[in-house]
Amino acid sequence: MSKKQIFLLVVVLIFIDQASKIYIKTHFELGQELKFFEGFRIYFIENEGMAWGAKLSDLSSYISDSSAKLFLTIFRIFAVSGIGYWLYQSLHKNTSKILTIALALVFSGALGNIIDSVFYGIIFDNSMNQTATLFASQGYGDLFHGKVVDMLYFPLFKGYFPEWIPFIGGNYFSFFDPVFNIADMAISTGVGLLLVFNKKVFPKPSTI
């Protein structure tokens, strides 16, 4: 793909991601959901930490939530900068088309979530029991302390594990539980491409 096509892909993905998040923030209260059918609903939550809602502060009582959030946001900025440089190098070296697309997807998704983490705390007010206001006079947090907006929820299967399964037999389960966003989908798709086409993307050097 050309540089223009990759640039357009990145811009379009970030636009769709941010447009969906801004719409949810300004039209839904935190915890509100809209059910389309049994296996899909819009369910507005905010993620303060890493994947699956984990937080660095959960690992140690010596790390405050605020410090953990700041560290995570800064780490993400460095990580997405590295991915961006890798994408830049890939475009200039005319490497695998799959690699370039995968990196563009991961870069777009990571950057989309970083926008939430860096800016949402100062441009939105609280979503608890109200719909948030964009460019509010008083934000819900500080710069670098924003929460990532998630809204896509696919609880496809619910039920109980058969009793004969060791350890988890009889326990209730729901698949798929995580709530995610467009940026997460882009990242997952990009990583999936790298895994599935690993041999094409990273060919082993031929030996003589």
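## Exercises on a predicted model

Phe-167 counts as exposed, because its relative accessibility is 84%. The model is a predicted one, and the exercises below start from this residue.

**Exercise 1.** Describe how the axes of helix 2 and helix 3 are arranged, and work out their relative direction.

Solution. 
- Step 1: Two quantities describe a pair of packed helices: the angle between the axes and the distance between them.
- Step 2: Helix 2 covers residues 65–92 and helix 3 covers residues 97–123; their axes come within 9 Å and cross at roughly 155°.
- Step 3: Angles over 145 degrees count as roughly antiparallel, so helix 2 and helix 3 are roughly antiparallel to each other.
- Step 4: The crossing of the two helices is left-handed.
- Step 5: Residues making the contact include Ile-77, Val-80 and Leu-87 of helix 2, and Leu-103, Phe-107 and Ile-114 of helix 3.
- Step 6: Sorted by class, this contact has 15 nonpolar, five polar and two charged residues.

**Exercise 2.** Classify the aromatic pair of Phe-154 and Phe-180, then locate both residues.

Solution. 
- Step 1: Over the whole structure, a search finds nine aromatic pairs.
- Step 2: In the pair of Phe-154 and Phe-180, the ring centres are 5.8 Å apart and the planes are at 15°. Planes under 30 degrees apart count as stacked, and this pair is stacked.
- Step 3: Phe-154 is in the loop between strand 3 (148–153) and strand 4 (157–160), while Phe-180 is in strand 6 (residues 179–180). The two are 26 residues apart, and the pair links distant parts of the chain.
- Step 4: Phe-154 has 27% relative accessibility and so counts as partly exposed, whereas Phe-180, at 16%, counts as buried.
- Step 5: Both belong to one aromatic cluster, formed by Phe-36, Phe-37, Phe-40, Phe-154, Phe-176 and Phe-180.

Definitions and conventions. Residues numbered from 1 in each chain as written. Predicted model: local features only at pLDDT ≥ 70, side-chain atom pairs only at ≥ 80, totals over all residues. Heavy atoms only, no water. Axes fitted to C-alpha atoms, helices over the stretch in contact; angles between N-to-C directions. Helix = DSSP H or I, 4+ residues; strand = E, 2+ residues; numbered from the N terminus. Parallel < 35°, antiparallel > 145°, perpendicular 65-115°, else oblique. Left-handed = near helix turned anticlockwise from the far one by under 90°. Contact = heavy atoms within 4.5 Å. Nonpolar A, V, L, I, M, F, W, Y, C, P; charged D, E, K, R; others polar. Phe/Tyr/Trp six-rings, centres within 6.5 Å; stacked < 30°, edge-to-face > 60°. Buried < 20%, exposed > 50% of the residue type's maximum accessible area, 1.4 Å probe, protein only.
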